[in-house]
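Dear colleague,

Please find the sequence and structure below, handed over for your own work. My notes on what was found follow after them.

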Amino acid sequence: MNRRNFFQGAALGAVATSSVNRVAMAAVPEPVTMLHANTAPPLLPSTGHPYNPVVTLNGWTCPWRMRNGVKEFHLVAEPVVREIAPGMKATLWGYNGQSPGPTIEVVEGDRVRIFVTNKLPEHTTIHWHGQRLPNGMDGVGGLNQPQIPVGKTFVYEFEARRPGTFMYHPHADEMTQMAMGMMGFWVTHPKAKHPLIDEVQRDFCFLLNAYDVEPGASTPKPNTMLDFNLWTWNSRAFPGIDTLNVRLGDKVRIRVGNLTMTNHPIHLHGHEFVVSGSDGGPWPLAARCPEITTDVAVGQMRQLEFLADEEGDWAFHCHKSHHTMNPMGHSVPNLIGVEHRGLLGKIQSAAPEYMVMGERGMADMGEMSMPLPDNTLPMMTGTGPYGPIEMGGMFSTLKVRKEQKPGDYSDPGWFKQPPGTQAYEWTGSLPTAADDLPPATRAKAAATGQPNANTPAELRVKKPGAGQHNH
Ligand SMILES: [Cu+2]
């Protein structure tokens, strides 16, 4: 075992476990287990080719040992408890103590040997998504290899032939094992300067995943096909997803892989990025164009690259609005404009838990402390410097700061906006059109969020008429 790597791992809260018989494992690198869901600092390579390591959001990189020129890793497939966000833990399957498993980082041309020990209650395999490798190493159970039985260790070995952004996951009882959280990231750094792979100061990676956990429960339903209720990045939901902290002027790369059952339009505020590559490899320069949202379809991977040249706290999220919500968002009728407060007492006498919600929109949910089942996240939550952020799920923040030190990934806190650069309330007079409803109607409209039926909205619309088209 490479002690240095081991101790680096230990310093991050990882521990070596020896529940598997020590003698039997003597030829195998000791597996490293992670005990928490924090974002580990980048793991600087102490052996082999140097590179600028990635930072895995709410994850870590798997330590390795060098043995006769081969990089050896040890993954243990096992049941894990993953904190999805403070206040909710899920009973998942993963690798080395967490879901996702550790990121594997190697260099183009590296010979890689991965020991996979199966501590699940059923057989498994690992497929190395995107790698060029011998057919027998591709990990499709039944097709390329026999399944790895319960309690057994299999060895995968191949050369990391092309640089890029990859992932790993089982190809055995796939629907169950992926629904339970089995997956991990893989980055192969280029060996030499590559014409299509830019050097960056910050390199982040995470997987898109989704779970269906009933409010109050902790184990995902493995047979759900579409109706997931927890939309996560690396098995974390906002406000449990760490922020991406960078220095003003940094070139930033964010690598994203999608192992959910639907597409995710990933959207960044305040900057334009290019998609610089995918699991297919770096993209030709002619194929890159500025974007602020890019769709990551099922089974795809994308690398977003940009210059972080605008200071501030910039939202970074999936643009499907139900993917930035936590459970409890289903089956709530649209009550906008329905005045039902007078009914509350009557309903509550029959159903004491009944709550009034939604008659003026759902924003109240962000600050409401409603009784939730144990181990359940609020639907919209998180607090920013100006109040509730009213988000959940696939949402985080890119924090760009002048004072952030090179290589410092710690959270700088909230951005202090320079005076005169924030949206403010207008207190002057308003033009008549916005102000000419009778006061009683206006009060009612403000209370219900909907114009009164007696004063149809159409009447307030300026229609094209005489004098408008004869210039
Ligand atoms: Cu999404």
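How many bridges join strand E5 to E6, and do they run parallel or antiparallel? Eight bridges join strand E5 (residues 70-85) to E6, and the two run antiparallel; strands here are DSSP runs (E, at least two residues), numbered from the N terminus, and two strands pair if DSSP finds at least two bridges between them.

Before going further, please note that this is a predicted model, in which local features need pLDDT of at least 70 and side-chain atom pairs count only at pLDDT 80 or more, while totals for chains, interfaces and linings use all residues. Residues are numbered from 1 along each chain as its sequence is written, and side-chain values use heavy atoms, with hydrogens and water left out.

Returning to the hairpin, E5 and E6 have two residues between them, and Gly-87 in the turn has a positive phi of about 105°. Pro-79 has Trp-93 as its bridge partner in E6. Six of the eight residues of strand E6 (residues 88-95) are buried (under 20% relative accessible area, with a 1.4 Å probe and protein chains only), so this strand is largely enclosed by the rest of the structure.

An open sheet of five strands has the order E15-E25-E22-E17-E20, with mixed pairing. Its edge strands, each pairing on one side only, are E15 (244-247) and E20 (293-296). Within this sheet, strand E17 (residues 264-268) is joined to E20 by four bridges, running antiparallel, and the partner of His-264 in E20 is Val-296.

His-264 also belongs to the copper site: the protein donors of the copper ion are His-264 (ND1), Cys-318 (SG) and His-323 (ND1), lying 2.0 Å from it. Donors are N, O and S atoms within 2.8 Å of the metal (3.2 Å for Na, K and Ca), and water is not among the atoms, so sites may look incomplete. Along the chain the donors follow the spacing H-x53-C-x4-H. Cys-318 counts as buried at 1% relative accessibility, and His-323 counts as buried at 1%.

With kind regards

Note on methods
Buried < 20%, exposed > 50% of the residue type's maximum accessible area, 1.4 Å probe, protein only.
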